[in-house]
Amino acid sequence: MTLSTPGPAGGLAPPDAPAGSAAPDAAAGLAVPDAPAGPAVAVAGGMPPQAVVGLTGPGAVAPSALAPVPSDRTRWFVLGVGLICTFLVVGGASIANLAMPSLQQTLHIGFGTVQFVVAGYGLVYALFLITGGRLGDLMGRRRVLLGGLVLFTVAVLIGGLAPNAPVLIGARLVQGFGAAMVYPQILSIIQDTFEGKERNFALGLFGATIGVAIVAGQLIGGALIQLDLGGLAWRPAFLVLVPIGTAALIAGRRVMAPDRPAGHGHIDLAGTGLLGTALLLLVLPLLIGPGMGWAWWTWLMLLAAAPVTALFLRYERHLVRADRTPLLRPDLFRQRAFSVGAAIGVLYFITIVGLAVYTSLTFQVGLGLDALQAGLAFAPVGVAFFASSLIVPRLVPRLGRTVLTMGHILLLGGLLSSWLTVHLSGRSLSAWSLALPLLLVGAAQGLTMSPLIGVVLTGIRPEDKGSASGALTTAFQVGQALGVAGIGTVFSVFGAHPGPGADTDRYRVAYQAALFVMAALTLVSLLLVFLLPNPHDSRPHHHFLWLRHGRRTGLAHALYLLTGGHAVGRLTHWFHHHGDHPHDEGTH
């Protein structure tokens, strides 16, 4: 299965095309015709620069590059660096999932602490995604990507050698920050480096890499933990990323030429700090509260999250009135599609991340599987997700919002059938008895994740779509951190703690309770889907990621945005030029 076959049309108008024209796949690549000239990025090796197609932030320009790109092998090395970085960020995030029992046993830490090792990475990653995208615009994408890659690689090294939990948690937080600097730059670099059919081919490889990383991350981690190389337990699963990151860093410095920053702008550091404080006040009590007997100060932290969030929103409104760039525009919540879409995304990602982490734990502690067996037992989810994602581009233009409804119903069915299997099997429960329900869950994820961004943005005002996309991707990543913390609280309440002497019967009961909670969240999310707009007609803005000539590139963009990618300026300018104009309906 591959996404790498080039589409039938290039992403830009040919050099001899009339002004303002674009090839049919231009929208799929989100290139913008008739845009003014802007900063340029060059590829090392003597290639002439081409115009940037991915500037982010309000007011940024995203010009089309009409000059043909010379045939030069260097740009394929640039693509290789981007794909390696993609695998590091997406696949590396899940390697720690299967390491939780091993971490607790070797570092002698509590359940809440080991949860924070996993959740802390995602929390920092979510918090700094928008900032990372804007830093790329202001400082140059090459500089920010390579700087983030240094942080990521060094943090992985420190984490793999960490002598205790505080050092490991600190390293994971820095690793999440490095990932937030790296990932928002990748799509823009690919867009700026390639043209036409080569761009489609590169984007296909990019989308395939995201899919493979989602599937392979846990398998690699499980295999390395199970091998127990040198008696190092979980450490090789972290340290394997160090030579990969180092190779990408060396290659990136050699083949990526410096790009000119887009100019000066405002980065909302105070807003980032307020939002980070609010999230920490919400997530930390969920992680450590059960182990602390829900001390009074854990409840105080939970209560304090609400006023700090209100203070964050008030500060963001102040920035808007002062004509400065906020981290989040509060007026987006007045648009039903955004508020409903953000809620769906948070609920959905709580469910799927909670399922991934705690199914793996149940397989290892509750059923006695080793790390590799647990990874293989969960593999049907990833395979089914990848397979169903490939058919979504054909379904969305025909069925619109119904695809999301189908995905939620299938997910609900998979969770309920998993619950029923656990309930009926009792002590005879095996991982393989859950294979079919998990297969349904994986297929549901592909039907739900891929079209979610596009369907939500259908109901957003054209001038707000870029800002909304950045806020939505952040909300989705926050949902992942809450999935580790929230579903972990269910496990703690039912007394299921990984480690020596764990009561396997209670562990299965805790997993059954968690499945019920996740099914309830999915039901709420399903009901919310009916409040979203239904992109049922043929206008391009109603299914912009799935245009007739851009299914592969559309899938790449969808997976990129759902895993934390940043494409604010590109979306803003694409909708500005395509919006609701009647002449667009027959063009694409």
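In this predicted model, helix 15 (residues 465–493) packs against helix 16 (residues 504–529) at an angle of about 140 degrees, their axes lying 8 Å apart. Axes are lines fitted to C-alpha atoms over the stretch in contact, with angles from 0 to 180 degrees between N-to-C directions; helices are DSSP runs (H or I, at least four residues) numbered from the N terminus. The contact (heavy atoms within 4.5 Å) joins I487, V490 and F491 of helix 15 to Y507, A510, Y511, A513, A514, V517 and M518 of helix 16. Its residues comprise ten nonpolar, no polar and no charged.

The largest nonpolar core contains 143 residues, and W234 and F491 have the most contacts inside it. Such a core is a set of buried Ala, Val, Leu, Ile, Met, Phe, Trp, Tyr and Cys residues joined through side-chain atoms within 4.5 Å, where buried denotes under 20% relative accessible area with a 1.4 Å probe, protein chains only. Helix 11 (residues 336–366) gives the most to this core, with 17 residues. Beyond its neighbours within four places in sequence, W234 touches A99, S102, L103, T106, L107, G159, G160, L168 and I225.

Residues are numbered from 1 along each chain as its sequence is written. Local features require pLDDT of at least 70 and side-chain atom pairs pLDDT 80 or more, whereas totals for chains, interfaces and linings use all residues, and side-chain values use heavy atoms, without hydrogens and water.

Definitions and conventions:
Buried means under 20% relative accessible area, exposed over 50%, partly exposed in between (1.4 Å probe, protein chains only). Helices (H or I, at least four residues) and strands (E, at least two) are DSSP runs, numbered from the N terminus. Ala, Val, Leu, Ile, Met, Phe, Trp, Tyr, Cys and Pro count as nonpolar, Asp, Glu, Lys and Arg as charged, and the others, Gly among them, as polar.
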